[in-house]
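User: Hi, can you walk me through this structure? Start with the ligand, please.

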Amino acid sequence: MGEAARITVIGTGYVGLVSGACLAEMGHQVICADQAEWKVARLQQGEIPIYEPGLKELVATNVSANRLSFTSHIGGAIRSSDIIIIAVGTPTQDNGDVDMSQVNNVLTCIAANAVTSKTIVMKSTVPVGSGSLAEQHLRLLAASHIHLPVVSNPEFLREGSAIWDTFHPDRIVIGAKDPEAGIRIARLHASLRAEVLHTDRESAELIKYASNAFLATKISFINEMANVCEKVGANISLVAKGMGLDRRIGPHFLQAGVGYGGSCFPKDTKAQLKLAQNVDYDFQILRAVIDVNRLQRERFVTKIEREVGCLSGKRIAVLGLAFKPNTDDLRDAPALDIISALQQQGALIQAYDPAAAELVMERMPDVPVFTDPYEALDEVDAIVITTEWEAIRSLNWRLVRSLVKAPLIVDGRNMFEPVEMSQLGFTYVSVGRETAM
Ligand code: NAD
């Protein structure tokens, strides 16, 4: 292992909390700082404000070992560390530009509190050029003898497997103008067996957007192929398998469905499109990727309507609300749009999610959410699947058949073999495959 460093992570959301806990596990001395006092208070009591497998245990171990602590006194946390990691949110504004206000507030706070030189790490996803602007911002506000180099170190973890991803990254990207600062940040990860790619800061910033835009492109591509499959009677699962066996293509991100959601792909694709526009470049593929993703949700609602008929007064079970399994994150979750569209047509929703139920009840108080899936399935006219949770796959589907009013499943995640569901007595409609009944 490299030397233990004194690190402050600012922003204890999905990224900051996981990164902070993992860096502590690697042996570093970590303070996680957040302006949300309620969040810090919960963390100080050993509660984890988000659902992420393994995180509670990892935090507890490192708090007990005195390597990890939480505070809302951000200035104090900045003063007592040599490395400051910025992991606050960077949402998109209505016009597509990235809202940098959280990052800028943090930079102002760093400049006001740094009485010694520190290395600043930009882990938040930020547009190209932000590292350079951040350095100017700091230089303008901090005392002239204090050196605050900004290193871009984009984050690639996936919610739901965030701890595994942090300890087993495909690559660690470090973009620095000051080479020593870059090496200092690379050393933090010395205990990981991962390829470290040193780049200029702009390229590092763009690698993050390019990666997310490319993955989103794969999803929209396979969804369009699925739509063609439905018209010509082919099976998208077999088409994707056949494509994925080609090593140049690979099997990942070729699952057809209701499209991508979450806190990253929708916002990062829009931000990248806007970034290109701002430099007078029309990124045509990305525009199509975003449109196809929106249309895919709409197509799915049309498919439900086609199968159910008039939706008014119909009871529909919606299974899976989080944007993907193993998280409670509802940001831009396809299920929420689909529920709203069904409700607008008079459908009565009975929803189920293993982790996000409470958050949905807060956000959509008019949607009854059940923590027992069988209650959500009672006497429904159709079952709609929107997230591929294992808890949904492993339901007793024979029992489900006996609970529902009409045995219709519209599966937006292609979770089951059509023939198996038809043998259980369901009409099974999925994406890019023939209906089985
Ligand atoms: P989040 O909204 O879950 O967390 C952000 C945290 O920052 C919140 O707890 C908020 O209270 C805190 N915060 C905001 N302003 C602050 C300030 N001035 N001082 C202190 N704390 C402040 O966001 P997230 O999902 O963790 O994402 C953080 C960044 O990482 C974003 O740029 C995102 O694009 C990027 N990212 C996210 C993921 C992901 O899967 N969530 C993956 C890779 C990269």
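Analyst: A residue counts as near a molecule if its C-beta atom, placed from the backbone, lies within 6 Å of it. This is a predicted model, where local features need pLDDT of at least 70, side-chain atom pairs count only at pLDDT 80 or more, and totals for chains, interfaces and linings use all residues. Residues are numbered from 1 along each chain as its sequence is written.

User: Which residues come nearest to the ligand?

Analyst: Gly 11, Gly 13, Val 15, Ser 124 and Thr 125, out of 26 residues around the ligand.

User: And which helices supply at least two residues of that shell?

Analyst: Helix H1 (14-25) and helix H5 (101-113) each do. Helices (H or I, at least four residues) and strands (E, at least two) are DSSP runs, numbered from the N terminus.

User: New topic. What is the order of the strands in the open sheet?

Analyst: The 6 strands run E11-E10-E9-E12-E13-E14, with parallel pairing. Two strands pair if DSSP finds at least two bridges between them.

User: Which strands stand at the edges?

Analyst: E11 (369-370) and E14 (427-429). Each has a single partner strand, so one side of each lacks a neighbour in the sheet.

User: How many bridges join E12 to E13?

Analyst: There are 3, between residues 382-385 of E12 and residues 408-411 of E13. In this pair, Ile 383 stands opposite Ile 409 in E13.

User: Now H9 and H10. Which residues of H9 meet H10?

Analyst: Ile 222, Met 225, Ala 226 and Cys 229 in H9 meet Ile 236, Val 239 and Ala 240 in H10. Contact means C-beta atoms, placed from the backbone, within 7 Å.

Terms used: Contact = placed C-beta atoms within 7 Å.
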